[in-house]
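Visitor: Hi, I'm new to this one. Could you put it on screen and walk me through it?
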Amino acid sequence: KMSPTPKTINKFQEKPQKPLSVPQKYDNTTPQRNRTETARNYDELMCKYTEVQVRLVNGNGSLFRFLDVLAARKDPAGLSGEVLINGAPQPPNFKCLSGYVVQDDVVMGTLTVRENFTFSAALRLPSTVSQEEKEQKVNKLIQELGLGRVADSRVGTQLIRGISGGERKRTNIGMELIIDPPVLFLDEPTTGLDASTANSVLLLLKRMANHGRTIILSIHQPRYSIYRLFDSLTLLVTGKQVYHGPAQNALEYFSDIGHTCEPHNNPADFFLDVINGDSTAVACSNMEGLLCGFVSMTTKKAELEEILSKRGIEDKLVEEYRNCNYYKQTKAELGQAATTAPSRTITYNTSFLTQFRWVLKRTFRNLMLNPQTSVAQVAVTLFLALVVGAIFFDVQDNQSGMQNRFGALFFITVNQCFSSLSSAELFISERKLFIHEYISGYYRLSVYFLSKILSDIITLRTIPAIVFTCVAYFMIGLKPTADAFFLFMFTVMLVAYTATSMALAISADQTVVAIANIFMTIACVFMMIFAGLLVNLPSIVSWLAWLKYLSIPRYGLSALQVNEFTGLKFCQDLNTSFIPPGIACTGEEFLTEQGVDYSTWGFWQNHVALGAMTICFLAITYLKLRFIRKFT
C-alpha cells in the first residue's frame with residue numbers, strides 16, 4: 001500500500017485532511033502459484049492500519065483474492081467477518097465509492113482517451129454537476145495523468161492501432177479517478193508493462209498518495225525502485241499471513257527470524273525465495289537444536305527434510321509472525337470486532353434515461369468504428385444477395401420456377417438464421433468491461449441490455465436484411481407487387497431478429513465464443529431439418545412432429561411461401577386438357593402439398609410465433625445476464 005498517512009519508517013507524505021482509508025495493500029510478492037488465490041483455509045487474517053481495521057474469517061475453505069474482499073468485489077457468500085473503515089462497517093455501496101483498476105484493460109478501445117473519460121464522468125458524477133464542470137474535470141485529469149498528447153487518440157483494439165501500454169494503464173486509472181475516490185485499488189498495475197513504463201505508473205500512484213489518496217495494490221515481483229515506494233507491506237502464503245507492517249522494516253524482520261537478504265538482492269525476489277523455500281538463508285528452529293544458517297552433516301534425514309520442505313518453511317514463517325510484536329500490536333488494536341453479515345449494493349448517480357442515452361451513444365459509436373462488425377456485415381450480405389440473385393435469376397411461372405422459388409426462399413431463410421450467429425459474441429466480447437462497469441455503478445443492467453439489443457438489431461440485422469431484400473428480391477423475380485415486397489422484407493427481418501435472440505440466449509452466460517457457436521450450430525441444423533424442404537412436414541411421425549413448432553426456419557419459410565405462392569399459376573405452358581397427376585398447377589395446391597396454411601391467419605400466425613419466440617429468447621438472455629457471476 002501507498003498510504004497517505006505518515007506512520008511509516010520513511011515519511012513520504014504529509015498527513016492529509018482525514019482521508020477515508022481502508023485495509024491496506026495485499027502485496028502479492030508470494031510465489032506465482034499464489035498470485036491469484038491467496039487467503040485459503042486460514043483461521044484469521046488481521047491487518048491494522050491507521051484508522052483501518054480488518055478481520056476476515058474464511059469458514060468454508062474456498063479460494064478468494066484478498067484484494068477483491070477489501071474492495072467489496074468478492075461474493076460475500078461463504079465469508080464472515082468485517083472490513084471496518086475508520087472504525088465503521090464498510091458501506092454496502094463501497095465498490096461504487098472507491099476506485100478499482102483491474103489487471104486487464106477494460107476501456108472501450110474504439111473511443112479516444114477523452115471520450116472514455118467523458119463517458120465515465122457523465123455516468124459516475126452526480127447529476128448536480130454541470131456539463132461544463134465535468135468537461136473541466138476531464139481536462140484536468142488528462143493533464144494530471146500526462147495524457148495530453150494522446151487525449152484525442154483512440155485507445156486501440158486488435159484491429160486499430162492505439163496508444164502505448166503505459167498510456168492505456170493510465171487511462172484505466174483515470175476512469176476510476178474521475179469520481180475522486182478516497183481509496184484506489186489496483187490489481188497488478190504493472191502487468192504487461194516494461195520495467196520503465198511500470199516504474200512511471202508506480203511513480204504516478206506515489207504522487208497521488210502524496211496528495212492524500214490511499215493506494216492499495218497487489219503486485220508480483222516488483223523491482224527495487226518500485227518496492228521502495230511502498231509504505232506498508234502484507235505478505236501471504238497459501239492464504240496465511242507471514243508479514244504485515246512497514247515495508248521498510250520487512251528485511252529487518254526477516255533477518256531477525258533467520259532469513260538474511262544478501263547484498264544487492266531485490267527484497268521482493270528475496271521474499272519470494274524465502275516463501276518458496278529457495279533462500280540461501282535457511283531458518284532453523286532453535287527448539288529442534290539446529291543452528292541458523294548451518295546444518296550439520298550428522299542431522300537426521302527426517303529433520304533435514306522437514307526443514308527444507310515447503311510446508312515446514314510456511315508453518316515456521318506463520319509461527320514466527322504470530323509471535324512477533326507486529327502481530328500482537330495489530331491484534332491488540334483490532335480488538336474484538338462485532339461480526340455482521342456483509343452485503344453488496346449498487347447505487348447510481350444518474351437516471352435511467354441519462355444512462356440509456358450515453359450507453360446507447362457509445363454502443364453505436366463502437367459499432368460504427370468497428371469495420372468487422374458494421375461495414376463487413378453489410379458487404380457480406382450484399383455479396384450473398386448477388387450470388388443468390390444470380391443463381392435463381394428471373395424465375396419463371398412453370399414447374400421449374402416453382403422448384404426454384406421454393407429453393408430460393410429456403411436458402412434465404414436459412415441464410416438469415418446462420419448469419420445471425422455472429423451476434424454470439426455480443427455479450428461475450430465485452431463481458432469483462434460490462435461486469436466492471438456494472439459493479440462500479442456506471443449503469444443499470446436494463447440500460448446495457450436495451451442498448452446492446454437496439455444497436456445490434458438496427459445496425460447488424462435490420463440494415464443487412466433491407467439490403468439483401470432489395471437486391472435478391474428483384475433479381476430472382478419474385479411477385480412484383482408492393483405489398484408482397486414489403487411483407488417479404490418484414491418476414492426476413494423478423495427471422496433475423498428471432499435467430500439473433502436465440503443466439504443471445506445461448507451465449508449470454510458463455511465465456512468462449514467457440515462453445516456458444518457449437519450449441520447454436522446444432523440448434524440451427526435441427527431446426528433446418530424441420531423447415532419444410534428436407535422433409536415433408538405432414539409425413540413426420542406424430543411423436544416427432546411437435547419439433548416443427550420449435551423451428552425458426554419453418555415459420556419464416558411458411559410465411560415467405562404464403563406471401564409468394566398465393567395467386568400464382570404454374571401450368572400455363574402445359575395442355576390444360578391433360579395434367580399429369582401429382583402436378584400442382586397453382587400456388588395454393590403446392591402449399592397444400594407442403595402442409596402450409598395459406599389463409600390470412602395461417603400467414604400471420606408465423607409472424608406471431610416468431611415474435612413470441614423473440615420475446616422469450618430475450619427474456620432468457622436478460623435473466624442470464626442478471627444472474628451471471630459478477631463477483632469473483
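Visitor: Let me start with one spot. What does Thr381 touch, not counting residues up to four places away in sequence?

Guide: Thr381 touches Pro464 and Phe468, with those sequence neighbours left out. Contact means heavy atoms within 4.5 Å. A word on the source: this is a predicted model, where local features need pLDDT of at least 70, side-chain atom pairs count only at pLDDT 80 or more, and totals for chains, interfaces and linings use all residues. Residues are numbered from 1 along each chain as its sequence is written, and side-chain values use heavy atoms, with hydrogens and water left out.

Visitor: Where is Thr381 found? And is it buried or exposed?

Guide: Thr381 is found in helix 14. Helices (H or I, at least four residues) and strands (E, at least two) are DSSP runs, numbered from the N terminus. Thr381 is buried, at a relative accessible area of 12%. Buried means under 20% relative accessible area, exposed over 50%, partly exposed in between (1.4 Å probe, protein chains only).

Visitor: Zooming out, how many helices and strands does the protein chain have?

Guide: There are 24 helices and nine strands. The chain has 632 residues, and 54% of them count as buried. Take the contacts with a separation of 6 or more: 74% of those join residues 24 or more positions apart.

Visitor: Which residues touch the most other members in the largest nonpolar core?

Guide: Phe117, Ile173, Leu184, Leu205, Phe254 and Tyr443 do, in a core of 82 residues. Helix 6, residues 195–210, gives the most to this core, with seven residues. A nonpolar core is a set of buried Ala, Val, Leu, Ile, Met, Phe, Trp, Tyr and Cys residues joined through side-chain atoms within 4.5 Å. In soluble globular proteins, nonpolar side chains tend to be buried together.

Visitor: Pick Ile173. What does it touch, not counting residues up to four places away in sequence?

Guide: Ile173 touches Val101, Leu184, Leu186, Val201, Leu205 and Met208. Apart from this core lies another, of 60 residues, including Ile476 and Phe485.

Visitor: New topic: pockets. What volume does the largest pocket have?

Guide: About 1,600 Å³. Its lining has 47 residues, and Ser429, Glu430, Arg431, Lys432 and Leu433 lie nearest the centre. On a 1 Å grid over the protein atoms alone, a cavity is a set of points where a 1.4 Å probe fits but cannot get out, and a pocket is an open set with protein on both sides within 12 Å along at least five of seven lines; lining residues have an atom within 4 Å of a point. Grid points are joined across faces, edges and corners, and a volume is the space filled by probe spheres set on the points.

Visitor: Which helix gives the largest share of that lining?

Guide: Helix 17, with six residues. Helix 17 is mostly covered, as eight of its nine residues are buried. Among them are Arg431, Phe434 and His436. Just after helix 17, Gly441 takes a positive phi of about 85 degrees.

Visitor: And by class, what is in the pocket lining?

Guide: It has 14 nonpolar, 17 polar and 16 charged residues. Ala, Val, Leu, Ile, Met, Phe, Trp, Tyr, Cys and Pro count as nonpolar, Asp, Glu, Lys and Arg as charged, and the others, Gly among them, as polar.

Visitor: How many cavities of 30 Å³ or more are there?

Guide: Three. The largest cavity holds about 50 Å³ of space. Among its lining residues are Val101, Met175, His436 and Tyr442. Helix 5 gives the most to that lining, with three residues.

Visitor: Now strands. How do strand 8 and strand 9 pair?

Guide: They are antiparallel, over six bridges. Two strands pair if DSSP finds at least two bridges between them. Thr234 has His244 in strand 9 as its bridge partner. The two strands form a hairpin with two residues between them, and Thr238 in the turn has a positive phi of about 45 degrees.

Visitor: Last one. What is the phi of Ala72?

Guide: Near 60 degrees, a positive value in a residue other than glycine. Most residues other than glycine have a negative phi. Ala72 lies in the loop between helix 1 and strand 3, and is buried at 1% relative accessible area. Asp394 has a positive phi too, about 50 degrees. At 41% relative accessibility, Asp394 counts as partly exposed.
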